[in-house]
Amino acid sequence: MTMPPGMTPPVAPEETDRTLRFAGLATFGRLPRLEDVKEANVAVVGVPFDSGVSYRPGARFGGNAIREASRMLRPYNPAQDVYPFHYSQVADAGDITANPHNINEAIENIEAAADKLLDTGARLMTLGGDHTIALPLLRSVAKKHGPVALLHFDAHLDTWDTYFGAEYTHGTPFRRAVEEGILDTSALSHVGTRGPIYGKSDLDDSEKMGFGIVTSADVMRRGVDEVADQLRQRIGDRPLYISIDIDCLDPAHAPGTGTPEAGGMTSRELLEILRGLADCQLVSADVVEVAPAYDHADITSVAASHAAYEMISIMSKQMAPTYWSKA
């Protein structure tokens with residue numbers, strides 16, 4: 001991306017900051033904290049909540065694991081030709097406190113906190129937490145943008161009606177979102193789905209809600225360029241929310257998650273699809289279901305941090321004119 005007159009590429013942090021990458025405060029990408037800047041165009045915020053899981057818990061620790069893994073992220077993204085932390089102000093907003101003992105109250109907590117951050121003009125890059133948190137985040141984003149297009153990377157559909165009678169779990173957020181009218185049902189897509197399900201009716205229900213489905217096998221057979229092109233056409237110029245359950249990746253690339261399924265995408269495929277969406281109007285995003293207790297060598301957290309970095313890069317480029325006009 002060409003910089004405007006008078007601006008130069010930033011100096012690498014190592015040339016001005018003598019803090020070692022493995023030392024110091026573990027903010028995302030070693031970014032400043034939100035309270036240390038006047039305003040942020042993109043706010044990275046954690047939601048340490050996993051009371052909605054149906055199998056292995058532990059995603060409440062995902063946000064901080066992603067932050068730790070993000071220490072190796074650097075200021076220039078060659079794949080998108082952007083300095084994401086220089087073109088706009090990106091800051092770490094800390095964590096949203098959500099009641100771990102009352103899921104309905106937790107959803108209210110998350111929505112209220114997201115409202116406050118969005119009201120500042122920032123876009124959100126949220127680090128979960130389990131997938132339950134996508135519902136209150138979508139509610140908040142829809143207040144600002146109206147019904148949004150949704151791109152949902154996941155091994156699972158997450159469009160169940162209930163689970164053990166509960167309406168709010170990590171397997172139900174997108175059915176609730178459709179019912180509430182906060183999604184643009186002409187532009188909904190699941191990507192990376194696979195594995196056994198309870199019945200064909202699960203697929204039928206998602207189709208009735210308006211979801212297109214790109215399985216992990218589709219990605220393998222058709223390739224990332226064709227898949228990204230199809231998704232771009234479906235999204236068009238609508239405001240877009242991307243929600244990434246890290247279990248969209250194969251357990252070889254993301255073992256640290258609560259509901260792993262064999263046969264998933266590679267981290268390279270996920271990153272390349274995201275890069276192919278660089279022209280879409282990404283208004284906010286999340287990466288969820290990183291459960292570091294099941295991880296090893298930080299494989300899952302590293303993959304999640306790079307996915308977040310690519311989405312921040314997209315948002316940063318889109319918000320750059322706003323930032324430059326205030327400079």
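The protein contains eleven helices and eight strands; helices (H or I, at least four residues) and strands (E, at least two) are DSSP runs, numbered from the N terminus. Its radius of gyration is 18 Å, close to the 20 Å of the globule rule for 327 residues, so the protein is as compact as a globular protein of that length. That radius is taken over C-alpha atoms, and the rule is 2.2 Å times the number of residues to the power 0.38.

Two points on method. This is a predicted model, in which local features need pLDDT of at least 70 and side-chain atom pairs count only at pLDDT 80 or more, while totals for chains, interfaces and linings use all residues. Residues are numbered from 1 along each chain as its sequence is written, and side-chain values use heavy atoms, leaving out hydrogens and water.

Of the 327 residues, 54% are buried, meaning under 20% relative accessible area with a 1.4 Å probe, protein chains only.

The largest nonpolar core has 49 residues, and M125, F153, I242 and I244 have the most contacts inside it. Such a core is a set of buried Ala, Val, Leu, Ile, Met, Phe, Trp, Tyr and Cys residues joined through side-chain atoms within 4.5 Å. Helix α11 (residues 299-326) supplies the largest share of this core, ten residues. A second, separate core of 33 residues includes I96, I133, M209 and V283.

Which residues does F153 touch? Leaving aside residues up to four places away in sequence, its partners include V191, I242, I244, M265 and L270, where contact means heavy atoms within 4.5 Å.

Definitions and conventions:
Buried means under 20% relative accessible area, exposed over 50%, partly exposed in between (1.4 Å probe, protein chains only).
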